[in-house]
Each structure stands twice: as structure tokens, then as C-alpha cells.
Amino acid sequence: MSDKKMLEVTGLKVNVADKEILHGIDLSVDAGEIHVIMGPNGAGKSTLGNAIAGAPKFEITDGTIRFNGEDITDLSPDKRAKAGIYLSFQNPVEVPGITLSNFIRTCLEQKTGERIRIWTFKKELEATMELLGMDPSYAERDLNVGFSGGEKKKAEILQLLMLKPELAILDETDSGLDIDSVRTVSKGIEQYRNTVGGSLIIITHITRILDGMTVDKTHILADGKIVAEGDRSLIDNVNDKGFDQFINK
Amino acid sequence: MKEKTHVDDINRSIYDFRFDEDDFYKVDSGLTPEIVMQISEEKGDPEWMKEFRLKSLEIFNRIPMTKAGPSIEGLNMDNIVTYVRPNTKMHADWDEVPEEIKETFERLGIPQAERESLAGVGAQYDSELVYHNIREDVAAQGVIYTDIESALHGPYADMIREHFMKLIPPTDHKFAALHGAVWSGGSFVYVPKGVSVEIPLQSYFRLNAPGAGQFEHTLIIVDEGAYLHFIEGCSAPKYNIANLHAGAVELFVGKNAKIRYSTIENWSKNMYNLNTKRAIVEEGGTIEWVSGSFGSHVSYLYPMSILNGKGAKSEFTGVTFAGKDQDLDTGCKVLMNAPDTTSYVNTRSISKDGGINTFRSSVVVTEKAKGAKSAVSCQSLMVDNISRSDTIPVMDIRCADCDIGHEATIGRISDDTVFYLMSRGLSEEEAKALIVSGFADNVSKELPLEYAVEMNNLIRLEMVGVIG
């Protein structure tokens, strides 16, 4: 893995509906690293993930986001995606009129600017769906329409594996999943590590998804600030004692 | 998102082109009995048709201007050249069609569309049919597909006289009267008892000369137990002088017969499209309308189904796209006049860049319609804050024993959906085009593949400005 800085967030302040949610976040992710962001509900974890991906609802009022040395603070979400950032949504949106398969192909074609060879694409898609335990029929169903919560999350990981971004932000991908689905998602993340070798920011408040995974750094986010940082042992600490210890009373 | 993407007005020049009409024969502007006589003579009308035209003109001059929909003040009847005829006669062979007319058609993609699998093409250039062809096996089934002018003198003359403008009488409204006086060109189709035409018949309409109106008449009679899919596609070049289209479509669906009538209209944006379409359905018969309206400056378009026999069915599926300077008043009418009749209406409308969409529906259930079922669903999508969408559903129920439902939604493109798609690398326009195509999916999946592709191209053209 290269030691170059991939993502550098500096002094990031973010408003949602004119209310400041993040009060100055610093976060630095190197190529190939796995970072975990934990914190109580309403701490601003999803806000951070969405702000990095460029969601228009999240207004950056101060600070910068640099990706591979380029200032992307003002870039539109599609340009960030093309630069290599991927956000796995907490609540994936249903889009009628385009099938999951066609959507992924369209995204790939947009990204590479080249026509995708259908046969190669289909084979890779089928293999990846099998890995994720998805029924092949989902490929020809409209994007997320009528998918169960679990299938929606798997479809997010499927897109991650097909689009192969340099940085994946997983926004509570594990929430609402049963134990088998969490295992499947973990398997998908492992596959992403093995084949793409990209960096990960895993936003979660449960830790089952991290079982058996190397974690380079853990950040505890509370009230819009990073209140603690450490290595994997911090996760065990949180599991034992909860978040209260980090929050100023 | 700080970086906003500006969506340019689309470049319609892809569809807006024309050739000079130098050699073409024109009648004087303005409408007098002399002009109507001249048209009648040129066409070699039988006596009854000449009288019909003159009577229609009288009605036209007597009844007031239609005022139901959007303003048509931009229309100056004195300025409308009602009849332009290309200087060519009917051609059965594509090779004999004049080169520049062929070129116009080729730019519209007509020869490509006319593949082996397609039954026949009646292509209309200005007011006259210049090309007519029907596949031999369809003709061998006894199916008649011709222009009305020829049919008026052939073995089906009586059949035409019996049906012509009986569903849409000249007294119906001002433009029906105008149509009765100056109609020209169009198609006549007769499908005999029990014959199922497996491949769609197609017809293309197009306006070319400046200020020329187009008044084509489509008369289709599908006999007992027979089936026909008829496709009408329209697009016209752009001009500054107001253009008028006041065609008429009359469909007669026999007992247990079925007609599917599909249209994609893409008139240029100075067109007044005041078209009238009507079907009457006998016992156990079915009419299916599939309608995509994209072009024109002002449209009044409400295909009507008269369900006149027990168990008759009507299905209407429509999509209307109103962009800048477009005021499109579309919808449908259903008259349920027999027991156990059913009608379904399913429409989508999209407005963008200040475009105005009005959905208008009328469902009338008479005392005779015991056990009737009707469901109306219309959904509207506004792409921005300057566009407009209205829904005007009317229901007149005079029967207690029936099941009637209506639902309407008006929505905007959700920011969350746009962000979701953009986060995967699609541009804002691509994302919105995808959402709009998905929204109009109800119609595109009802269309044959090449038309579905054309419709999606039109949506992309409107939304992104290029054909992908």
C-alpha cells in the first residue's frame, strides 16, 4: 500500500437546514487504510459521510476536503464519484425505470467513458451477486424498487464491487441486517479489500461487521466533534463501557 | 452542492429542417367556399363529399371558437394555407418517390423503420399521401390499407360514406368543422371479420410548408373478432408562422374486436395541435390508446372511447412532456354506455423550463352501465420551480351499481434521488433524465421497441440536450 494521503478533511463545518451539525472535523485516511467511525445516534456520523460524498443537503460552511491532493470541497457529487469516492447509502433510494444491471453498466460507462463489453460485464455481475447471495433475478429488477432492507444493502455492496472506487464510505451498511446478511456484507467488504485494495471509512454503531477485519484507526464522533481516536482497541473499549465516557457532561 | 449545472435549452434543429416548397401547388390563404370547392375538385370528390365539405364550412363559419383549453389566440385562420400538395402522385414503390421528399423521410428515419417485419407504411408529406405500401401477406388476409381519397372511389366507397365523420361530426367543435371542410390525406383501414393483423401498421405525418395546416383523416374499421395495432408517428419542421394541425381519427371496434392505437407526437414548437380522436367499441371489444405527446406550442388532445356494448373495454396510457413555451392540454374521455364496461386511464405528465401541463379527463357512466368499472390514475412531475401542472378530472356517474376510482399525484424530482444517482458518477442532467424516463416508463413499455427507443431519445433530448 502506498503511504500517500488519500483523504484529508480539515476543519470541516457542515450545516443541515441552517443548523450546524459538524463543528470542525479533522480526518486523514491513507491509501489502503480502514477507518471506523463510531458514535451515539445523532452525533453527525452520516452527515460526515454525506458531506464527503457531496450531498447538496449538507452545506459545507468552513474547512476543506482534499482527495488525492485535489481540493474537492466544491465539486459536485458526480465529479467526486468519478474521482473515486463511493458512498454506500444508509437508505438506498428506489429508482423505477432502470434495472440494477443497466444502472451499474451506465455508471461504469460514465466513469470510464467507454462502452462496456456486455458479456464480460454480465459474467462479473453474476459472480459478484452469487458471492453476495443475491438471487440473479435482482439484476433485471428496477433499481432498489421493492427490494427488502437487506437486499438494498447488498445491492449497495454489489455496486461497490462493480464500480471499484478508491475510497468507500459505508454509512451504517450493517444496520437493520440479520446476522447472516451482516456476514455476507463482511464477505463483500473483504472481497473489495482483496480485489480493489481501496480505503474504507466504516460508519457504524454496532461492531459485528468489524469481526475479523483489520482496523487501522477508530474515531469516536459525538455532538459533531471527534472526541476520541485510537486503534482497534478503542472499539472494544466502546463495547465495554459505551460512549458516555467520551461525552462532556 | 455548490457547483450547479446549467441545462441549456435543447437544440431542436435535429428535428427542425425543411425543404423549399417552390414547385408545390398552393391554394390562397383564408377560407372561402371557393377554396373548399377547389380542394374538392382537385381531389375528385364524389358529389356527397363535396356537399359535406361545403356544409362543414358553413358550420365552421357559424360556430364560435373553441375556448375550453389554453389560448389559441396566436392562430390566425386567414393566414393558414390549408392545402399544400407535393407535386407527385401516389407511389407504391419507394424508388419512385422524389429525392427531396425521400431525404426528409430519411432524416426522420422512416426507411429504417420500414423493415421486413412491418406491415406497411402510409407516409404523409404535407397534405397528400406520397408513399403507400402494404406487405403482401397482410393484403392477402383481406386487410385494406389505403388513403381515403382512393377508397372513396373504390369498392369500399359505401363503407366510408357510412362511417366518415359519424363519430366526430362537424358540429362537434370549430376545428372538427374545419376538418370536415378541408380534410386531406390520411388512412383508411378495414380489417375483416376474425382477421388478426399480427404486425403493426404504421403511418407518419409531417408538416412542411410554412403556414400550412394539416387535416388528415384516419378511418379504421375493425370487424367482429379482428385485431389491429395502428401506429401514428408525427413530427414537423419548425417555422415562425403559426402552424395548425386539426386531424381526425375515427375508430370502429366491432364485437369482440380490438384496436391498439399508438401515437408519438413531436410537432415543432410553433404548432397548434388541435386533434380529435374517437373510438366506438361494440360488445366485448377493446380499444387501447397509447399516446406520447412531446411537441407543439399548444395541444388539445383528448382521445375519446365510447363503450357502447356489454363488456366493452377501454385502456388509455399516456405521457405528455411540456418544455419551454409549451402549453399542453391532454387527457382522455370515456363514455360508458353499456353494462359491465371497464375503463382504465393511466397517465404521466412532465413539465420543465416553464412548460404547462394540464391533464383533463372525463368519465361519464350512464344509467345503462350497470357493473361498470373505471380507474383513473394521473401522475405529474415538475422538473423545476417555474413549470406548472394541473389536473382536472371530471366524473359524471348516473349509475349506482358501478365501481369508480381516481387518484392523482403531483410531485417534484426528489433531491435525494438525484444525489443518489450522482454519487454513482452520473451528471445532474443524466440523473434527471434517468428519473424522467423511469417516470414515463408506463408508456415506453407499451410501445414497440423502436418507438420506445425513440421516446427515450426524445426525453434525453429534452433533458440532456443530446441523443445518447
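## Close-ups of chain A

**View 1. Six strands of chain A line up as an open sheet, in the order 6-9-10-3-11-12.** The pairing in this sheet is mixed. Who stands at the edges? That would be strand 6 (85-88) and strand 12 (225-230) of chain A. Each of these two has a single partner strand, so one of its sides is left without a neighbour in the sheet. On average, neighbouring strands here are turned by 20 degrees against each other, direction ignored. Keep in mind that you're looking at a predicted model.

**View 2. Here strand 9 of chain A meets strand 10 of chain A.** A bit of background: strands of a sheet pair through backbone hydrogen bonds, either parallel or antiparallel. Strand 9 (residues 167-171) and strand 10 (residues 199-203) of chain A run parallel, and five bridges join them.

**View 3. Now helix 5 of chain A comes in, lying across strand 6 and strand 9 of chain A.** This helix covers residues 149-163, and its direction is at about 165 degrees to strand 6 of chain A.

**View 4. Zoom in on A:Ile247, found in the segment after helix 7 (233-241) of chain A.** Why does A:Ile247 count as partly exposed? It has 15 C-beta neighbours inside 10 Å, and partly exposed means falling between the 12 or fewer of an exposed residue and the 20 or more of a buried one. Leaving aside residues up to four places away in sequence, A:Ile247 touches A:Ala222 and A:Val227. A:Ile220 sits 27 residues from A:Ile247 in sequence, and their C-alpha atoms are 10.0 Å apart in space.

Methods:
Residues are numbered from 1 along each chain as its sequence is written. Chains are lettered from A and ligands numbered from 1 in the order in which they are written. This is a predicted model: local features need pLDDT of at least 70, side-chain atom pairs count only at pLDDT 80 or more; totals for chains, interfaces and linings use all residues. Two strands pair if DSSP finds at least two bridges between them. Helices (H or I, at least four residues) and strands (E, at least two) are DSSP runs, numbered from the N terminus. Axes are lines fitted to C-alpha atoms, for helices over the stretch in contact, and angles run from 0 to 180 degrees between N-to-C directions. Two residues are in contact if their C-beta atoms, placed from the backbone, lie within 7 Å.
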